Amino acid sequence: MVRLINDSNLKFITSAVYRILRFQEIFTHIENHNHPQNPPCIFALWHANQLLVHGIKDRKNLSVLISNSIDGHIVANVCENWGFKVVRGSSGKKGSVESTMQMLERLKKGESVAIMVDGPHGPLHKVKNGAIKLAQLSGAPIIPVTWFSPQKSFVSLPSWDKMKVPCGLCNILNIYSDPIFVKQDATNEELSEVREKIKNELLNLDAKAPELYNEAKKQGLWNKKKKI
């Protein structure tokens, strides 16, 4: 079976994806709830919500972990064009040590990082070790984050993760959990508890999202229709 994305058309597809998302940016309005005020931190999110990084403040000091796959190449180029920094690699695979060291160095510089904790290929909502290991080594807190909009323009793609994408005029709320710290001398049992806590926090954020969105709407957060 011929891959739709390959080396011969990669540059064209990358450019097309960026232009489409750049145009969509005009209609996408993201507000933040409980955004952390003291970087550096490790943003932990589901793979389905990877585009929410667009609403995280101070993107010039945010590095996003993206896989070394061809699909990841497209995402990485789009992120860099948007002003984010990028680290290429995947948890538990070849290159994971190098990518962990790169992110550790950026955290030490006072920058933050974002990791799709069940990516790049799932299983869905299974938290992998990358963010936890990084928090243990750096001392930086893990901040689970999700995003939500009830509007029909906030669509789910027919991918394994049901990736969420704004399509047309869309008001979205980024919702951040309280920080999760990992002790440097944590036992395997404690690390397993942290993994479960990250999963539960992300699921809880998704469950609370509609109520928090309605509260934000009552406060008129999108009235000014600010572009991100």
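Biologist: What makes glutamate 25 count as buried or exposed?

Modeller: Bear in mind that this is a predicted model. Glutamate 25 has a relative accessibility of 12%, and since buried means under 20%, glutamate 25 is classed as buried.

Biologist: Why is the contact of glutamate 25 with arginine 22 called a salt bridge?

Modeller: The closest N and O atoms of glutamate 25 and arginine 22 are 2.9 Å apart, and because the cut-off is within 4 Å, the pair qualifies as a salt bridge. Arginine 22 itself, with a relative accessible area of 42%, is partly exposed, as that class lies between 20% and 50%.

Biologist: How do you know which class lysine 60 belongs to, given its 56% relative accessibility?

Modeller: Exposed means over 50%, so lysine 60 at 56% counts as exposed. Its salt-bridge partner is aspartate 58, with the closest N and O atoms 2.9 Å apart, and aspartate 58 is partly exposed at 39%.

Biologist: What makes lysine 85 and glutamate 111 a salt bridge, and which parts does the pair tie together?

Modeller: Their closest N and O atoms are 2.7 Å apart, which meets the requirement of within 4 Å. Lysine 85 lies in strand S4, whereas glutamate 111 is in the loop between helix H3 and strand S5, so the pair ties together parts that are 26 residues apart in sequence. Glutamate 111, at 9% relative accessibility, counts as buried, while lysine 85, at 30%, is partly exposed.

Definitions and conventions:
Residues are numbered from 1 along each chain as its sequence is written. This is a predicted model: local features need pLDDT of at least 70, side-chain atom pairs count only at pLDDT 80 or more; totals for chains, interfaces and linings use all residues. Side-chain values use heavy atoms; hydrogens and water are left out. A salt bridge is a side-chain nitrogen of Lys or Arg within 4 Å of a carboxyl oxygen of Asp or Glu. Buried means under 20% relative accessible area, exposed over 50%, partly exposed in between (1.4 Å probe, protein chains only). Helices (H or I, at least four residues) and strands (E, at least two) are DSSP runs, numbered from the N terminus.
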